Amino acid sequence: MLLGDARRGKLPDNIVGFGRALRRAGVRLDSARIALACEAAQWVGVAHKPDLGAALEAVLVSREQDRAVFQELFDAYFRDPEVAHKLLAQMLPSAEGRAEPSKRRPRVREALTPQRAFGTQTPRPTEDPLEFDAAMTASDLGRLRQADFNALSASEYRLVERLVRDIPLPLPEVPARRHRPDARGARLNWRGALHEATRTGGELLRLPRLSRRAEPLPVLILVDVSGSMERYARLLLAFLHAATRQVAGRRVRRDIYAFGTDLTDLAPALRLADTDEMLAATNALIDDYGGGTRLGASLATLRTQHARRLVGRRTLVLLVSDGLDTGEPEQLDAELAWLRRRCRHLFWLNPLLRYEGYAPLARGAAVLHRHADGMLAIHNLSRLEDLAASLATLMTSR
């Protein structure tokens with residue numbers, strides 16, 4: 001059944017409104033995609049709503065991490081007959097009693113919130129620009145520092161994505177192979193001494209000395225991009241890209257890989273200086289975003305294809321995952337043992353530590369906990385700000 005002329009009828013208007021709601025939820029789409037969605041709806045019809053949903057998803061969603069948001073918002077927008085009454089109730093005075101908390105994602109709840117008409121927003125105060133420097137009060141910013149990344153609305157998520165780029169991550173330093181001039185160095189600089197002797201007729205008036213340079217530890221970062229890590233992966237990639245680019249003015253040798261069902265080398269994306277461009281390139285590189293987790297198979301790929309380039313006895317390995325692995329624990333145990341023998345430290349950055357009393361009881365989590373030198377929480381801004389100090393503490397205690 002065709003829907004008729006798109007210039008008449010209510011369904012095209014509903015699809016346009018649905019597209020705007022998707023944009024408020026953080027899904028990337030433009031007017032061309034919305035027009036294509038209207039055309040797809042004409043061909044599919046409305047007799048079977050699952051078919052309509054599949055057609056709209058095919059043209060409106062381009063990233064794996066947006067699929068769950070689309071499906072939940074589609075159910076709320078098209079399938080729930082009470083959604084209009086719920087939206088109306090949000091604009092009415094509240095009655096006594098407490099409503100049940102919504103189980104929808106924060107991005108979906110924000111997208112379904114009634115929008116104010118253009119020009120009716122409360123003007124922003126201008127007499128104290130410093131107080132509203134981040135478009136929010138100090139109390140709001142303090143709340144965001146403690147808020148779990150998985151509980152952020154779409155607008156809060158975008159703001160936090162910007163804030164994580166300013167968090168430093170000073171890595172521990174170790175002596176490098178190269179030397180530098182140092183009056184108190186332990187090694188004589190014979191080349192420099194002979195060079196100075198040519199100016200004094202062959203007399204050695206001073207013996208210059210050398211000391212070894214200090215450089216940040218090379219770092220290998222493995223980021224879980226499975227479905228359970230969907231809300232954390234993008235934020236942590238933005239944080240790690242900015243924080244590990246330079247330490248104390250020196251470039252850091254870093255390698256970042258994404259793993260889900262396969263291993264993806266993110267080196268081409270890391271060469272981009274702009275974090276937004278890096279995230280866009282990362283999204284194009286990763287084929288298994290939002291899928292399952294097979295860490296053992298991914299580490300096997302690391303061992304067979306990339307070991308010579310990046311794994312060494314001085315390497316600091318940061319493994320970002322919730323430990324919900326679906327592969328064989330025997331393979332994971334063997335691959336982690338190989339990785340642990342060829343690195344300086346292996347630290348597990350686990351967002352599930354946000355739960356009080358968390359214990360790594362899952363098969364993959366138990367294996368990972370046994371091989372890791374330490375487990376750290378990275379589920380909010382406050383934890384990311386404390387990450388460098390926590391790493392330094394764990395390294396000096398071993």
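**Entry 1: the model.** I am working from a predicted model.

**Entry 2: burial of S9.** I looked up strand S9, residues 316-320. The strand is mostly covered, with five of its five residues buried. Next I asked which way the side chains point. Leu316, Leu318 and Val320 point one way, while Val317 and Leu319 point the other way. I note that residues of both sets are buried. In a regular strand, side chains alternate between the two faces of the sheet.

**Entry 3: partners of S9.** Which strands pair with S9? I found strand S4, residues 219-224, running parallel to S9 and joined to it by five bridges. In this pairing, valine 223 stands opposite valine 320 of S9. I then turned to strand S10, residues 345-349. S10 also pairs with S9 in the parallel sense, over five bridges. Here I picked out valine 317, whose bridge partner in S10 is leucine 346.

Entry 4: I traced the chain from S9 to S10. The path goes through helix H15, residues 329-341. I logged this β-α-β crossover as right-handed.

**Entry 5: nonpolar cores.** How many residues does the largest nonpolar core have? I read 48. Leu169 and Phe239 have the most contacts inside this core. Helix H10, residues 230-243, gives the most to it, with nine residues.

How values were computed. Residues are numbered from 1 along each chain as its sequence is written. This is a predicted model: local features need pLDDT of at least 70, side-chain atom pairs count only at pLDDT 80 or more; totals for chains, interfaces and linings use all residues. Side-chain values use heavy atoms; hydrogens and water are left out. Buried means under 20% relative accessible area, exposed over 50%, partly exposed in between (1.4 Å probe, protein chains only). Helices (H or I, at least four residues) and strands (E, at least two) are DSSP runs, numbered from the N terminus. Two strands pair if DSSP finds at least two bridges between them. A crossover is right-handed if, with the strands pointing away from the viewer, the path from the first strand over the helix to the second runs clockwise. A nonpolar core is a set of buried Ala, Val, Leu, Ile, Met, Phe, Trp, Tyr and Cys residues joined through side-chain atoms within 4.5 Å.
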